[in-house]
Amino acid sequence: MPSSEQIDAFFQKLEQAAPFPEAELAALAPPAVVEEWKSIGATQSAPWIWATPRELCLVSFLTPNARFTPLASFFVFSLSWMFFLHPGASEARAATRTQLRLQALPNPAAMAALKERLQKLRDVSGSLEGIGLQMSSDACRAAAGSSLVLWERVARQRDVVNSTRSFDVTYPFLGVLGAIHVEDVWHLFPQPDPLGARGRIGHIYARPSMKRAREIRDASAELQNEKGTDKLEKRIVNKFFAVYKAHAIEHVGEGSFTYHLGYPFRNYDLPSADGGQAETGFFDMFDAHAQQQVDAHLVKHEEAKKHGKLKGKHLRHALNWANVTNALGDTAFDAWNTAIDLNAIKAAQLIGDFSEKFAEEMSNIPMDQRAFTKAFVIAMLKMQTIWLESTNLKAHSEIRDNLPAASNDEKLTAAWRCMALVKALQLGRAATSTNPHGAKKMHVVKRSALASDAHRQEFEAALNALGMEPGQHAAPTAEVADASRPQTAPALARSAWTSEAAQEAVTTLQQW
């Protein structure tokens, strides 16, 4: 877990390396809209650019049936996952979480009873718990078990959804907006991301405005927000109720909607009267990510996966930007503008690029972990064990002694991080276990290098970057590794050495 000093350093670096593009974003919105955002932010002692994504998310929640179709076979839906990030007190929050975790642990008898009950529900088709257990037992989905809560017993006491106790889900989409501390999402970044959850979340940060009392008073006066009233809340209703009405059949009639698989959608498109400017902007953005996906394919899997999502991930902001400007511009609900213009696409790119820059900064291993990570990787490379396995490494004395206050999940994260570094340096092959039940494990087999290998010098450069001599490295031959493969371990093909990736990994390691 990063320390308070490292969190402060992270945000200082973020403010310098990736400042939020305020001026560029303000130029894309009507001046009156920007002024209103500034006043709203000031009443909450927050920067105006916190008001912007908040209202983008608000209209997305009101329009789950809005659909942007820049291509006939490419749909962009409105709902997004957005989090505001802000500095927090690492030690206090970590201690609080640990205490809550301990208080929440049931006694062994309760745990056994719950396990027996869930097993009985496993084969019940109408049971949400049963569906969750079936999903988690699927080999392709089991990796989600540690990150995804499929049901919540505390919040919902019904075991079975049936005809007498049921509810309708009009649109099967989920929108998320929250304000959290870096420590709350830090574990998303060093760990593998099998379901792509990390790539679907957007993060926003801006330096707090810390308004003085007179400034807050003046901002309230500009919005005619008086003491003891609910005028700010009424503003939300008055401005954004039109958004809902423009997407409700009972207000605008079925003629405004297109049914797709039984769901009525209100379609949005690129404008036809702008000389193709918005379409060109969309093509340029889409094709840039498509090319980066091609370049990373079968070379950098995570990078290729990221750019595959980025072709459309942030375009939902363009859809919501159009609806926010419609609402704040007092567009009548029955004369709604469903064109996504170039300004909306540019705004989406600005917000998206900033969000991705934040993710890049978060993906760096925190400074206090780097020395330990290098030291433990060296220890791993010296081990005589043929197949290194994450659960065993988690219990290793070096992790136990160096991370005495860490939880089991945090120790497992440290082990996975070290295994990922071995793979990134191409000093080993890694893959998750194939067990159909239970939590997945990570397996690593170290790479051996012969004197005749063409990449021998680059292999030794990777060891030198860690501070190791070639003779200290212990690795099995491919034949020995195959012969001793554990039952739940996948067959690991000997991958080709990539010089470019090796140089990039070594350069990064040398900067530590």
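**Entry 1**

I started with Val-237, which I found in helix α11, residues 231–246. I kept in mind that this is a predicted model. Together with Phe-241 and Tyr-244, Val-237 forms a nonpolar patch on the surface, and the three share about 270 Å² of accessible area. I then looked up Tyr-244, which lies in helix α11. Is Tyr-244 buried or partly exposed? Its relative accessibility is 32%, so I noted it as partly exposed. I also checked Tyr-244 against Pro-64: they are 180 residues apart in sequence, yet 9.8 Å apart in space, C-alpha to C-alpha.

**Entry 2: salt bridges**

Next I turned to charged side chains. Side chains of opposite charge can pair when their charged atoms come close. How many salt bridges does the structure hold? I noted 11.

An α-helix has 3.6 residues a turn, so residues three or four places apart point the same way. I wrote down Glu-35 as partly exposed at 47% relative accessibility, and Lys-38 as partly exposed at 38%.

Then I went to Glu-36 and Arg-235, which form a salt bridge with their closest N and O atoms 2.6 Å apart. Glu-36 belongs to helix α3 and Arg-235 to helix α11, so this pair ties together parts that are 199 residues apart in sequence. Glu-36 counts as buried, at 16% relative accessibility, and Arg-235 is buried too, at 11%. I found that Glu-36, Glu-55 and Arg-235 are linked in a network of salt bridges.

I also looked at Arg-456 and Glu-460, which meet in a salt bridge at 2.9 Å, N to O. They are 4 residues apart in helix α21 (residues 456–466), so about one helical turn separates them. Arg-456 is partly exposed at 22%, and Glu-460 is partly exposed at 26%.

**Entry 3: aromatic rings**

I moved on to rings and noted 13 aromatic pairs in the structure. In one of them, Phe-282 and Phe-283 have ring centres 5.7 Å apart and planes at 50°, so I called the pair tilted. Phe-282 also pairs with Phe-286: the centres are 5.6 Å apart and the planes are at 50°, so this pair is tilted. Phe-282 and Phe-286 are 4 residues apart in helix α13 (residues 277–296), about one helical turn.

How covered are these residues? Phe-282 is buried at 0% relative accessible area, and Phe-286 is buried at 17%. Phe-283 is partly exposed at 31%. Ring pairs link Phe-74, Phe-282, Phe-283 and Phe-286 into a cluster.

**Entry 4: helix α15**

I checked the length of helix α15, residues 315–328. At 1.5 Å a residue, its 14 residues should span 20 Å, and its end C-alpha atoms are 20 Å apart, which agrees. I saw that α15 is mostly covered, with 12 of its 14 residues buried. Among them are Leu-315, Trp-321 and Leu-328. After α15 comes Asp-330, whose phi is positive, near 60°.

**Entry 5: cysteines**

Last, I asked how many disulfides a search of the whole structure finds. The count is 0.

Key
Residues are numbered from 1 along each chain as its sequence is written. This is a predicted model: local features need pLDDT of at least 70, side-chain atom pairs count only at pLDDT 80 or more; totals for chains, interfaces and linings use all residues. Side-chain values use heavy atoms; hydrogens and water are left out. A disulfide is a pair of cysteine sulfur atoms within 2.5 Å. Patches are made of residues with over 30% relative accessible area and no salt bridge: like charges are joined within 9 Å, nonpolar side chains (Val, Leu, Ile, Met, Phe, Trp, Tyr) within 5 Å. Accessible areas come from the Shrake-Rupley method with a 1.4 Å probe; for residues, only the protein chains shown count as cover. A salt bridge is a side-chain nitrogen of Lys or Arg within 4 Å of a carboxyl oxygen of Asp or Glu. Helices (H or I, at least four residues) and strands (E, at least two) are DSSP runs, numbered from the N terminus. The expected span of a helix is 1.5 Å times one less than its number of residues. Buried means under 20% relative accessible area, exposed over 50%, partly exposed in between (1.4 Å probe, protein chains only). Rings of Phe, Tyr and Trp (its six-membered ring) pair if their centres lie within 6.5 Å; planes under 30 degrees apart count as stacked, over 60 as edge-to-face and the rest as tilted.
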